Amino acid sequence: MFNEPHPDEVRVITKRFGLPNSASIDTYLAHEGYVAFMKAIEMTPEQIIDELKLSNLRGRGGAGFPTGLKWSFIPRDNPKPKYVVVNADESEPGTCKDRLLIQNDPHQLIEGCLIAARTIGCKAGYIYIRGEYRYLIDIMDKALAEAYAHGYLGKNIKGSGIDFDLYTHSGAGAYECGEESALLESLEGKRGVPRIRPPFPAVSGLYASPTVLNNVETFATVPAVLRMGGQAYADLGTPKNGGTRMLCVSGHVNRPGVYEVPLGFSMQKMIYEVCGGIRGGKKLKAVIPGGSSSPVLRADECDFPMDYDNYARMKTMAGSGGMMVMDEDTDIVKVALRTMRFYAHESCGWCIPCREGTTWLRKILTRMDEGTGRRADIDLIHELAKNMLGRTFCPLGDAAAMPTIGFVEKFREEFEARLRENVVPVTSPDQLIAIR
Amino acid sequence: MTFTPETEKRLQDIWSRYPAGRKRSAVIPMLMYAQDELGMVTQELIAEVAQRCEVSPLQVEEVVGYYSMLNKQKMGKHHVQVCTNIACLLMGGEELWQHTTKRLGIGHKQITADGLISLEEVECAGACSWAPCVVDGYEYHHHMTIEKLDQLLDSIQKKVQ
Amino acid sequence: MSTPAAAPPTVINFTVDGRQLSAPPGTLLIDACKRAGIEIPAFCYYEGYSLQAACRMCLVEVEKMPKLQTACTLPVMEGMIVRSETEQLTKARKGTLEFLLTNHPLDCPVCDKGGECELQDMVFRYGAGESRFTEMKNHEPERQWSPVVFYDPARCILCYRCVRACNEGMGVGALGITNRGVLSEIAPNGGDHLDCDECGACIDICPVGALTSNTYRYKTRPWEMQHVGTVCTHCSNGCKTTLGVRNDEIMRGNNRDRSGINGEFLCVKGRYGFDFNAHEERLTSPMIRINGKLEEVSWSKALGFVAEKFKSVSAAGGKFGVVAGTHLTNEELFYLQKFSRAGLKSSNIDHVRSGDFVTLLDAVSGNLTSLATADDLYNTKAALVIGADLSQQHPFLAFQLRADVRHHKAKIFTVTPGPVREAKYSAASVVVPEGQEFDALNNLTEQLKGEKELVILFGDSIKGQRVRDLVAWAGTLGIPVKYVCLVDYSNSRGAMDMGVMPNLLPGYEADPHPGMSVKQMLASDALDVLWVVGENPLRETKLASKNAFVVAHSMFLDETASTADVVFPSASAYEKNGTVTNVTGQVQRLKAAVRTMGTKTDLEILGLIAKEMGMAVEIGVWSHDVVFKEIHKSVRGYNVPLPILITGGAAVTNPVNGRVAVDVLVDEIRSAGDTLFTSGSLGRYSKLLTSVPEFPGALYKR
Ligand SMILES: Cc1cc2nc3c(=O)[nH]c(=O)nc-3n(C[C@H](O)[C@H](O)[C@H](O)COP(=O)(O)O)c2cc1C
Ligand code: SF4
Ligand code: FES
């Protein structure tokens with residue numbers, strides 16, 4: 001644990017975090033561990049999916065797709081082997097929750113996978129962990145070994161007739177591999193370039209077989225849903241936004257940290273009560289609410305119940321739950337540049353608008369930041385981002401465009417201020433040469 | 001190629017995780033663990049992994065070029081990574097980066113003359129709520145400050161002497 | 001009780017730009033539009049290769065779909081309403097082009113692709129010429145990857161066409177992608193060089209000037225050349241090739257208009273192996289041996305000299321032997337055999353044989369559908385290759401099978417004396433020493449019985465009785481079987497069809513007065529004249545008749561020409577009009593692309609000798625169209641539809657309609673064993689072929 005729990009939290013999937021030896025199977029078993037799976041054995045796949053649907057659990061990886069619905073897409077009559085794949089690539093800037101889930105409670109994730117395997121009838125699964133999280137791979141491998149030793153993985157699990165093997169798989173540094181189809185390519189040993197969809201992973205995923213692919217948090221929530229019952233879980237949140245989720249608060253607050261709160265929790269309360277307000281008594285300037293891909297909110301927009309629908313109403317996204325809080329001194333141009341540097345570095349390079357667009361924007365923003373921007377650049381940034389939006393091969397292009405559009409639209413005056421400081425009246429000869 | 005018994009065991013174990021005919025899946029994890037031993041991805045390693053995973057060396061090359069953690073240049077005994085992405089930026093990541101480059105006299109993806117330390121400015125390392133963060137190899141150091149960073153570098157440099 | 005499922009629709013109706021269109025289910029929107037004459041812009045889409053959806057140029061508006069859709073990945077759907085040209089789309093495409101141009105150098109004036117560059121065309125169409133990009137472009141130096149291939153990463157737009165052409169089309173996989181994001185570039189398999197077929201498909205398929213060929217770069221411009229469609233002279237696959245010609249010089253070969261049986265396919269020989277034509281050692285003057293030395297003489301002198309000699313030998317009842325090359329046209333071969341039989345009263349005429357097609361004809365006699373065409377190789381559900389390294393020896397046929405596997409999931413079986421590339425995508429691949437093929441075949445019998453149909457391609461190890469055994473064995477499979485007898489060189493089939501064999505007249509009629517075979521002629525000590533027309537029989541064998549008068553038609557002073565008494569400098573196949581017949585019996589037209597001063601076509605030389613001998617009336621006019629008319633009328637299987645030929649297509653000849661009752665000299669049948677990079681005597685004079693690092697290549701290596 002990295003931060004003290006807060007009384008306003010509702011700890012469903014993080015409730016074992018503070019226990020001694022929380023990662024061990026003994027601790028897990030002593031605290032309702034594998035109870036949900038034993039329950040699942042008695043249920044039909046349809047019943048499990050119904051519970052998930054009832055729970056209103058939506059994917060915690062970013063897109064917020066209803067999990068029960070996703071699982072129901074797995075074709076039953078397909079003779080191919082089926083797979084469970086865990087997305088533990090956690091690379092969206094601002095996000096650091098999946099890490100805690102694996103570090104503190106790996107068996108909860110294993111149990112979620114087991115239930116998925118039970119539901120779709122599959123025999124093998126992979127946990128794709130970003131390469132940087134090597135220590136988590138070790139923790140996970142240890143937990144897997146424990147699960148095998150206790151008969152929760154392997155052949156004929158607990159006499160249920162279910163066989164299931166689960167493995168870790170290391171990534172090697174690529175944000176794009178968090179995108180589900182790129183992840184599958186990477187898992188197959190290839191470059192992390194997304195696939196053309198349809199077909200979606202549910203129909204043709206790993207090794208062209210039906211695959212359930214979810215975020216760590218999503219899988220980790222499944223046991224709780226079955227344990228509590230779908231309805232009880234749903235009731236924790238708001239209508240259509242079931243349960244709780246982990247929010248990773250970072251930046252200029254007094255108590256940054258990862259907190260589990262019900263959906264619909266107030267953003268205002270989050271910042272000022274749970275996280276203790278802005279550091280040094282400064283004023284709030286802006287919040288990036290759901291990872292770097294989500295458009296920024298101005299201070300005056302930061303008071304709403306955080307559920308998927310309200311984020312959408314605010315024209316931003318719940319995303320991966322990475323809330324980055326910025327105080328009044330924050331340099332938005334710098335943040336915009338750093339964001340674009342990230343996307344330009346992480347663009348897989350497959351499609352033109354993303355590959356060239358992110359790089360061009362990075363170059364213009366660098367110029368803005370260095371003080372050689374021109375007035376026309378502000379509109380150019382805005383327009384180029386719009387030219388990317390909706391036209392790229394995968395959502396990474398959108399993820400780069402959306403926040404950029406947001407920065408320019410909401411903080412235009414900061415971009416303009418940069419100009420006033422450094423007026424560059426004409427194109428320098430150097431730049432003319434560069435045009436060629 | 002021969003690896004230490006531990007690495008070899010690890011590679012075998014990785015290889016065994018994937019179904020027959022799908023050994024290509026092992027390419028990336030194998031490269032990662034073998035790189036740890038060799039300090040870099042060598043041409044020889046590429047050929048070795050290609051052969052073990054039943055793909056062409058070019059198919060391994062493609063992968064090596066893609067992933068930012070796979071390095072075709074020698075890395076230091078300690079590969080020090082400084083995150084400067086948004087959350088760390090807000091908390092002073094850039095200052096840490098400047099300080100490190102100045103102190104070591106090397107830049108992004110460069111290595112000290114003694115081969116002890118290599119530096120990399122990295123994208124979000126997944127430690128945002130405990131920013132800023134510096135990663136030494138695979139070891140995370142949270143809530144970093146210039147003082148703590150100096151201590152870290154001191155201890156690395158002292159260990160050798 | 002289940003209700004019977006509704007039959008899937010056989011046609012899908014939809015609307016594009018207000019036009020009602022229809023297409024079979026599964027058709028991609030971009031293809032359906034193209035067929036209706038609506039051109040949707042695209043860089044990465046390429047018919048026949050896997051989908052990429054990377055360039056984002058083909059975006060269209062589809063009603064009820066919120067986002068713009070890529071026409072290259074969207075199958076047509078019933079009732080869908082599409083708009084392909086709207087303001088929004090123009091803006092999107094212009095925007096994408098603008099992105100593309102940020103890192104693309106605007107060096108069109110010096111770029112080889114200028115004038116036929118798809119990016120240039122696209123910018124012209126959508127106008128993104130003026131850029132708002134004021135930063136430095138990424139620049140990486142150009143690299144040479146092989147004697148043929150140059151890569152300029154700055155010009156590369158990353159459409160991945162080359163990667164697919166190499167991997168999927170050629171089955172080589174020598175190209176990949178390295179780095180990521182804006183630093184991505186195409187990478188060769190050898191680190192800094194290519195180790196491949198050197199076929200140049202990557203260069204031709206590149207929409208911009210990122211990949212260029214060393215043979216063509218900086219030499220000329222597309223609009224400065226004439227483009228002549230003819231047939232490659234190297235192997236028996238008979239690929240159509242379009243030669244770019246300037247000032248009587250062949251500048252390049254390709255088939256980008258996809259006309260002909262091979263579509264865009266050409267191997268290294270077809271695309272680059274034309275340079276023998278301009279080799280400095282080309283013979284350009286007739287020569288007569290005077291005092292033991294070959295001296296240049298005038299055409300009239302040489303022709304007169306030969307005619308006199310032929311007349312006197314003929315009058316004295318002397319023995320003629322005629323050896324014809326397999327690079328000659330059908331017209332030349334037909335005329336030559338007529339010359340020999342009717343003019344010289346000699347059936348001692350033959351060519352160097354590389355496959356036992358004659359026994360095959362006999363074994364399947366009466367079965368008109370038993371010979372496979374190039375199309376069959378693309379469409380068959382299963383194919384069996386016996387005793388041949390198809391990718392090396394018959395590159396186009398191998399290409400067809402690969403496409404069949406990709407597009408129709410065909411099953412390929414191989415039984416070969418060593419590893420072959422086909423094994424990579426075959427259903428079963430057996431390596432057995434020559435002579436033991438039948439054991440392997442018997443093991444495959446059960447598996448093959450389960451197939452719906454089969455095409456069998458066999459090399460020179462299956463000849464004589466073994467051909468009959470093969471046909472008998474195939475008969476037990478109980479499925480329709482077709483055959484390809486794998487002969488070498490551009491017109492081996494033509495030579496057989498035209499009766500350039502001592503015991504068979506044109507159309508496989510038995511010759512009532514059979515003559516000597518090549519081997520017998522060379523071994524005979526009683527030959528008075530050996531007349532070699534475009535062949536090099538003395539390359540390895542010495543002529544037994546010490547005093548024979550040797551006449552050679554040749555392009556180069558090879559082993560045969562250098563020992564001849566008279567040498568006629570002949571034109572190459574790229575300098576001739578006429579027809580040739582490929583390994584699958586498909587006849588196509590040759591068109592003269594260039595001329596080499598001082599040479600004449602073999603047909604012309606034959607005709608002039610006939611004229612000098614006063615036999616012109618008997619043998620006929622030596623014009624290719626007149627001779628072709630006679631072939632068309634008289635040779636079994638050659639009454640093909642003329643419009644196909646005239647429009648540059650390939651017409652199927654089918655000579656099978658009865659037994660071929662002759663003995664086959666099995667010993668004389670031997671494949672030339674050429675690899676991708678060798679081409680008999682001709683190949684030696686191609687500097688390009690001999691300069692690639694893969695030369696000379698080897699059979700049964702991968
Ligand atoms: C560029 C990009 C990066 C992504 N990165 C992650 C990630 O690191 N972790 C994750 O769980 N999902 C990530 N996603 C979302 C996944 O594509 C996918 O929607 C998710 O893993 C599905 O799981 P869920 O339904 O449980 O959310 C990313 C998506 C995009 C477009
Ligand atoms: S396959 Fe044969 S005919 Fe075709 S280009 Fe190559 S050598 Fe010429
Ligand atoms: S042709 Fe459709 S994206 Fe390139």
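This is a predicted model: local features need pLDDT of at least 70, side-chain atom pairs count only at pLDDT 80 or more; totals for chains, interfaces and linings use all residues.
View 1. Three residues of chain B lose the most area to chain C: B:Leu58, B:Glu62 and B:Tyr66. Together they account for 71% of what the chain B side buries. The contact involves 7 residues of chain B and 11 residues of chain C.

**View 2. Polar pairs between chain B and chain C.** The interface of chain B and chain C holds 2 residue pairs in polar contact, both residues at pLDDT 80 or more. By class, the side of chain B that touches chain C has 3 nonpolar, 2 polar and 2 charged residues. The number of salt bridges found across this interface is 0.

**View 3. Chain B against chain A.** Here 41 residues of chain B are in contact with 65 residues of chain A. The area buried between the two chains is about 4400 Å². Carbon and sulfur atoms give 56% of it.

**View 4. Salt bridges and polar contacts between chain B and chain A.** The rule finds 4 salt bridges across this interface. One salt bridge joins A:Arg134 to B:Asp36, with the closest N and O atoms 2.7 Å apart. Polar contacts between chain B and chain A number 24 residue pairs, both residues at pLDDT 80 or more.

**View 5. The side of chain B that touches chain A.** Polar contacts between the two chains come to 24 residue pairs (both at pLDDT 80 or more). On chain B, the elements that give two or more residues to this side are α2 (27-38), α4 (57-66), α5 (86-90) and β3 (117-122). The most comes from α2(B), with 6 residues. Sorted by class, this side of chain B has 25 nonpolar, 7 polar and 9 charged residues.

**View 6. The surroundings of ligand 1.** Around ligand 1 there are 20 residues. Those that come nearest are A:Gly61, A:Asn87, A:Asn214, A:Asn215 and A:Thr218. In the side chain of A:Asn215, an N or O atom is 2.6 Å from an oxygen atom of ligand 1. For the side chain of A:Lys70, the distance from an N or O atom to a ligand oxygen is 2.9 Å. A:Glu90 takes part through its backbone: a polar atom there is 3.2 Å from an oxygen atom of ligand 1.

**View 7. The domains of chain C.** Chain C is divided into domain 1 (12-85), domain 2 (287-354 + 491-657) and domain 3 (361-486). Taken over C-alpha atoms, the centres of domain 1 and domain 3 of chain C are 38 Å apart.

Note on methods
Residues are numbered from 1 along each chain as its sequence is written. Chains are lettered from A and ligands numbered from 1 in the order in which they are written. Side-chain values use heavy atoms; hydrogens and water are left out. Contact means heavy atoms within 4.5 Å. Buried area is the accessible area (1.4 Å probe) that two parts lose on being put together, summed over both. A salt bridge is a side-chain nitrogen of Lys or Arg within 4 Å of a carboxyl oxygen of Asp or Glu. A polar contact is a pair of N or O atoms within 3.5 Å; within protein, one must be able to donate a hydrogen and the other to accept it, and residues adjacent in sequence count only if both atoms are side-chain atoms. Helices (H or I, at least four residues) and strands (E, at least two) are DSSP runs, numbered from the N terminus. Ala, Val, Leu, Ile, Met, Phe, Trp, Tyr, Cys and Pro count as nonpolar, Asp, Glu, Lys and Arg as charged, and the others, Gly among them, as polar. Domain bounds come from an automatic or database domain assignment. A residue is near a molecule or strand if one of its heavy atoms lies within 4 Å of it.
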